[in-house]
Amino acid sequence: IGSALHFFSADRSPDSGTIFAGGEAGSFYRSGDTGRSWSRAPVTTTNAIRAVAFRGSMGVAAGDSGTLYHTRNGGATLDSVFSATTDAYLDVEIASSGDFVVVGPGVTIYSDTPIIPIPGWSSYLPWGTLTLTQRANCVSISGSSIRVAGDSGLVAFGDLFDTSLTERNLPVPVRLRDIAAIDSQRIFVAGDGGVIYYTADAGVNWYRQLTGDTDDLYSIAFT
């Protein structure tokens, strides 16, 4: 990219092929040639961009101090989103319904509204924040099912249309940094100290996976 700053997240729009990467101090770059060249995206924030997600041509970037940007056209234009917090958003996922979920001090769900947006601002607004006992660091969505993981072994389950999430936490208070689901029952979480846990019953029972590694794990994924 040609920047000495740290980057936290990147994703690619499957429709436009554009890649976006977010990082420190408002670093938000895009590439239309699979990463061979990069240019700064047109955002004005100096806050860190910590998460980027796309579904089709829709994309969302989230970061510190409630920073949110939204695109409907694969990143050709970016609109600011009214934020429900001044705390940091640490992860974002887009549901098949078009709603998106951001996590940090809680779990906030954003939906499109019929209002005519102010130029430069998205018509997406927060319709609810679900509270948790610990900070959430990551979120996974399948259909309308939400799964989040976070500090002190936090793992919570729910639905886009629920008014609360059910916590089924790990037996150890470790910081979890990513969550991945194979299906509605089989779920993996990963985090600090090389920790990986697995459940086959949606969090009723958790089983430690031996890795032989004590380095912090930041991501887990399946194909």
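## Strands and overall form

Helices and strands are here taken as DSSP runs, a helix having at least four residues and a strand at least two, with numbering from the N terminus. Counted in this way, the chain of this predicted model has 20 strands and 0 helices.

The chain has 223 residues, for which a compact globule would have a radius of gyration near 17 Å, and the value of 17 Å found for the chain agrees with that expectation. Along the principal axes, the C-alpha atoms fill a box of roughly 50 × 40 × 30 Å.

## Burial and surface

Of the 223 residues in the chain, 50% count as buried. The chain exposes about 10,400 Å², and carbon and sulfur atoms supply 50% of this area.

## Charges

Side chains of opposite charge can pair when their charged atoms come close. In this model the count comes to 6 salt bridges, and the sections below describe some of these pairs.

## The pair Arg 72 and Asp 112

One of the salt bridges joins Arg 72 to Asp 112, with the closest N and O atoms 3.1 Å apart. Arg 72 lies in the loop between strand 7 (68-71) and strand 8 (79-80), whereas Asp 112 belongs to strand 11 (residues 106-112), so the pair ties together parts that are 40 residues apart in sequence. Both residues fall between the cut-offs of 20% and 50%: Arg 72 is partly exposed at 45% relative accessibility, and Asp 112 is partly exposed with a relative accessible area of 38%.

Asp 151 meets Arg 135 in a salt bridge, at 3.4 Å from N to O. Because Asp 151 lies in the loop between strand 14 (145-150) and strand 15 (155-159), and Arg 135 in the loop between strand 12 (124-131) and strand 13 (136-142), this pair ties together parts that are 16 residues apart in sequence. Asp 151 is buried, with a relative accessible area of 13%, while Arg 135 is partly exposed, with 34%.

Asp 151 also forms a salt bridge with Arg 175, the closest N and O atoms being 3.1 Å apart. Arg 175 lies in the loop between strand 16 (166-167) and strand 17 (176-181), so its pairing with Asp 151 ties together parts that are 24 residues apart in sequence. Arg 175 is partly exposed, with a relative accessible area of 33%. Through shared partners, the salt bridges join Arg 135, Asp 151 and Arg 175 into one network.

Technical notes: Residues numbered from 1 in each chain as written. Predicted model: local features only at pLDDT ≥ 70, side-chain atom pairs only at ≥ 80, totals over all residues. Heavy atoms only, no water. Rg over C-alpha atoms; globule rule 2.2 N^0.38 Å. Buried < 20%, exposed > 50% of the residue type's maximum accessible area, 1.4 Å probe, protein only. Areas by Shrake-Rupley, 256 points an atom, 1.4 Å probe, with all protein chains shown as cover. Salt bridge = Lys/Arg side-chain N within 4 Å of Asp/Glu carboxyl O.
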